[in-house]
Structure formats: C-alpha cells, structure tokens
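Hi,

Here is the structure I promised to pass on. Have a look at it first, and then read my notes below.

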Amino acid sequence: MARGPELFKLEHVTQRFRLPQGDVTVLNDVSFTASEGEFIAIVGPSGAGKSTILRLISGLLKPSQGQVIYKGRPLTQTNLEAAMVFQNFGLLPWLTVAQNVELGLEPRGLDRAARRKRVATYIAKVGLEGYEEAYPRELSGGMKQRVGLARALAVEPEILLMDEPFSSLDALTSINLRDELIDIWSDRDFPVNTVVMVTHMIEEAIELADRVLVLSSRPGQIAGDLQIDLPRPRDKRDKAFSEYVDKIFSLIA
Amino acid sequence: MDKPGGTTHAAANESNQPLPQIGISEILGLVELLRAKGGREDIYKLARELQMEFGDTLTVIRAAELLGLVHTPGGDVEIDKAGDEIGRAKIGDRKGIIHDQLLKLPVFNTLSGFLKEKEDHRASRDEVLEKLAELIPNENAEQTFTTLVQWGRYAELFGYNDDSETFYLDTEASA
C-alpha cells in the first residue's frame with residue numbers, strides 16, 4: 001500500500017511507571033513518524049515497552065515526557081480513530097459473537113439498522129458467518145481472535161492497533177490467521193489503511209509489515225527502523241527474508 | 001461414494017469415523033503450511049518445525065484427512081485437490097469448500113437429512129446427541145457434538161443456539 005501523508009508521530013516520548021518497588025522507565029526518548037497506509041511492526045524483547053507504545057497511540061496513556069501528535073495535533077484524550085486487537089481477545093463472555101462485534105459501535109452514533117449492517121459486513125470479512133449467535137466459550141482461539149478483529153474493523157478506524165494478536169494461538173492457527181489477515185489487508189474494501197502491530201516474533205513482523213521498528217531492552221529505545229522491501233506473500237525460505245531476520249536479531253541482541 | 005486418492009482417505013469416507021476435536025483454523029493453517037512447502041512434507045519434520053507433540057500433529061492431520069483436504073502416503077502428509085483449492089480461495093469462498101467436504105461425511109450427511117425431514121429443520125441438543133450415539137457408538141457423543149457444531153457453523157451447514165440448546169439447519173446458506 002502506498003505511503004501517504006503523516007498520520008501520527010511520537011516526539012521524544014519517555015514513559016515511567018510508579019511501582020511499589022520504585023519508578024520504572026519503560027520507554028526512553030522514543031521518536032518516530034508513521035504515515036497513512038503503513039503496516040508497522042514493533043519488535044523487541046519483553047519489557048521493552050512495545051505495548052506501551054500502542055496504549056500511547058490509543059490515547060489511553062499520557063507520556064511522562066514528550067508528546068504524541070495525531071494528525072498534526074497533540075493527543076490529549078482517547079483516540080477514537082484507533083481500534084485495538086488484544087492478545088487475549090478481550091471478548092465479553094456473556095455476549096454472543098454478533099453482540100461482541102457490535103460493542104464498539106454503540107457510542108459512535110449509528111442507529112440500530114446501520115449497526116446490524118456493519119456487524120454483518122465485518123463478520124463476513126473475517127470468515128465468521130455462521131457463528132453470529134455463538135458465545136465466546138463455544139469458540140476456538142482462532143475464532144475468538146477473528147471476533148476481536150471484526151470488532152476492531154467494524155468501527156472502521158483510521159488506525160488498527162494489534163497487541164501480540166497471534167501469540168496466544170497454537171502454531172497452525174496463527175499461520176492461518178496471519179494468512180487471512182494478509183488476505184483482508186490486501187482487499188480494496190479494507191477500511192483501515194494504517195496498522196501498528198506489536199510482536200516478539202521477528203519472522204511474524206517481516207512476514208506482515210512494510211516497516212519494522214526494533215526496540216532495545218528496557219528502557220525501550222529505537223534500535224532500528226527498517227523498510228521491508230519484499231513482495232507478498234512472503235516466503236520464509238527466501239534468502240532476502242532470512243537476511244532481514246539476521247539483521248533485526250542483531251539489533252535486538 | 002467414490003473417492004480417488006489414498007486408501008486411508010477412501011476409508012475415512014466409508015464408515016462413521018470419530019470427529020477429532022480440532023478447530024477449522026488449525027486445519028486451514030496446516031493446509032496453508034503445506035502449500036508453502038510445495039504440497040508435501042514428512043510428518044515428523046512438520047511436528048518438529050511446529051514444535052508440536054507428534055500425536056497432536058497427527059490429530060490435526062487426521063482431521064484434515066477426514067475432510068478430504070490431505071492424505072498420508074507413508075510417513076508424509078500430502079495436500080489433495082480440495083486442500084489446494086481451499087488454500088488458494090479467499091476467506092469467503094473457503095466455507096463453500098468445507099461445506100461440500102462435510103456433506104461427504106456420513107455423520108454430517110445423515111444429520112443434515114435428519115434435520116431436513118423435520119418440519120422446522122430443528123432438533124434439540126439431546127436428540128442430536130442420541131443420533132450421534134447411534135452413528136458413532138463408541139465415541140463420546142458430547143465431544144463429537146462440539147466438533148459437529150464448530151465445523152457445521154464454519155461451513156454454514158448447521159447452526160446451534162446454546163441458550164435454547166437448539167440445533168438447526170442453516171438454511172439461509174445451504175438452500
């Protein structure tokens with residue numbers, strides 16, 4: 001997807017958390033700019049502040065120092081243009097699949113008919129037709145994460161944030177979901193054109209993203225910023241693919 | 001039912017095989033992985049690469065085989081025509097292929113016929129469990145029911161409402 005104008009940027013962001021055992025600095029002077037249409041993956045060891053960056057972009061967290069600029073303006077409250085896909089799905093167990101997908105639409109002023117239509121569209125897009133009245137307890141992990149994805153897409157956000165979306169799934173299910181995500185992403189009707197995904201898996205980042213930001217271990221700092229110039233679908237056995245793996249690995253290590 | 005291909009594959013369609021407790025996403029993942037590997041791989045190597053228990057890997061392969069997507073010559077697993085088709089298909093078109101494959105399985109076919117004969121195309125959970133006990137006598141009907149619902153929902157062949165414990169033919173899609 002073509003790289004468009006600037007969508008958001010982090011400017012000299014430092015994030016500290018106050019814990020009972022003392023202050024912890026999770027991010028230290030992190031700056032980067034994201035353009036519309038980019039699929040960015042953030043990789044790094046655990047504790048490097050990867051998920052914290054997503055929370056900053058979603059406006060759920062205010063930086064201790066520095067600022068997040070979204071479409072030219074400092075972000076001071078919850079970013080309604082962002083939607084999140086969580087590692088542990090974040091589904092409400094007492095609601096059906098359709099009700100879970102509809103959840104994010106109610107505060108957005110859509111009437112009932114428009115909401116139902118939106119729900120049907122995104123349930124179809126992620127391959128969940130037939131599961132509308134199922135409860136999360138009746139679903140496999142792969143189907144639960146499809147619900148998480150449909151719920152995020154249904155609000156038609158400008159930016160999709162994904163926090164380790166495949167890491168609580170078994171190996172084969174995550175292969176399937178990555179494959180289908182590429183399918184959805186390459187669809188012209190895809191409502192979102194900017195994605196920021198956090199992962200600890202280097203290969204997953206290279207398989208999916210246009211650009212990989214590498215964070216060093218705590219406190220997280222940008223240790224590398226790489227464009228992935230490989231055609232999709234990407235083949236892990238490709239020499240160029242393994243060169244990217246080696247490069248990112250050496251940046252983290 | 002005449003099926004070309006491996007002997008195990010043909011056998012899978014002749015009798016009422018137990019349904020493994022495997023979700024559709026795992027089966028699709030296996031098919032996608034095999035396609036990326038040129039269509040065939042040694043099962044032991046596959047398990048090692050996936051860091052999965054050998055037995056667990058075999059269960060997924062058995063499920064894909066039951067659906068006619070792969071077969072298992074020697075110690076290998078090889079993709080079948082339907083498997084290759086599903087691997088190529090877009091998300092929305094995958095359901096149709098699974099739908100057709102499910103109807104080749106006696107359990108799904110018989111239950112689909114059973115529901116069609118009913119005026120409202122509905123049955124209670126207990127009725128279905130009883131039917132399953134007849135069809136696959138030596139298996140845990142509750143476990144089979146779970147897979148039946150999961151696969152049936154994906155293929156839009158069957159629907160199930162857990163509140164009312166009603167199992168029904170998803171006529172909108174199967175009409």
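A term you'll need first: a nonpolar core is a set of buried Ala, Val, Leu, Ile, Met, Phe, Trp, Tyr and Cys residues joined through side-chain atoms within 4.5 Å. Buried means under 20% relative accessible area, exposed over 50% and partly exposed in between, with a 1.4 Å probe and protein chains only.

Some housekeeping: this is a predicted model, where local features need pLDDT of at least 70 and side-chain atom pairs count only at pLDDT 80 or more, while totals for chains, interfaces and linings use all residues. Residues are numbered from 1 along each chain as its sequence is written, chains are lettered from A and ligands numbered from 1 in the order in which they are written, and side-chain values use heavy atoms, with hydrogens and water left out.

Now the cores. The largest one has 110 residues, and the members touching the most others are Leu160(A), Phe108(B), Leu148(B) and Trp151(B). A separate core holds 28 residues, including Leu27(A) and Ile53(A). Leaving out residues up to four places away in sequence, Trp151(B) touches Phe108(B), Leu102(B), Pro20(B) and Ile27(B), among others (a contact is heavy atoms within 4.5 Å).

Chain A has seven helices and 10 strands (DSSP runs numbered from the N terminus: helices are H or I, at least four residues, and strands are E, at least two). Its radius of gyration is 18 Å, close to the 18 Å from the globule rule for 253 residues, so chain A is as compact as a globular protein of that length. That radius is taken over C-alpha atoms, and the rule is 2.2 Å times the number of residues to the power 0.38. Of the 253 residues in chain A, 53% are buried. For contacts in chain A between residues at least 6 apart in sequence, 71% link residues at least 24 apart.

Chain B has 10 helices and six strands, and 54% of its 175 residues are buried. Its accessible surface is about 8000 Å², with 45% belonging to carbon and sulfur atoms (Shrake-Rupley method, 1.4 Å probe; for residues, only the protein chains shown count as cover).

Is Glu32(B) buried or exposed? Glu32(B) is buried, at 8% relative accessible area. Sequence neighbours up to four places away aside, Glu32(B) touches Ile175(A), Asn176(A), Asp179(A) and Arg94(B).

Cheers
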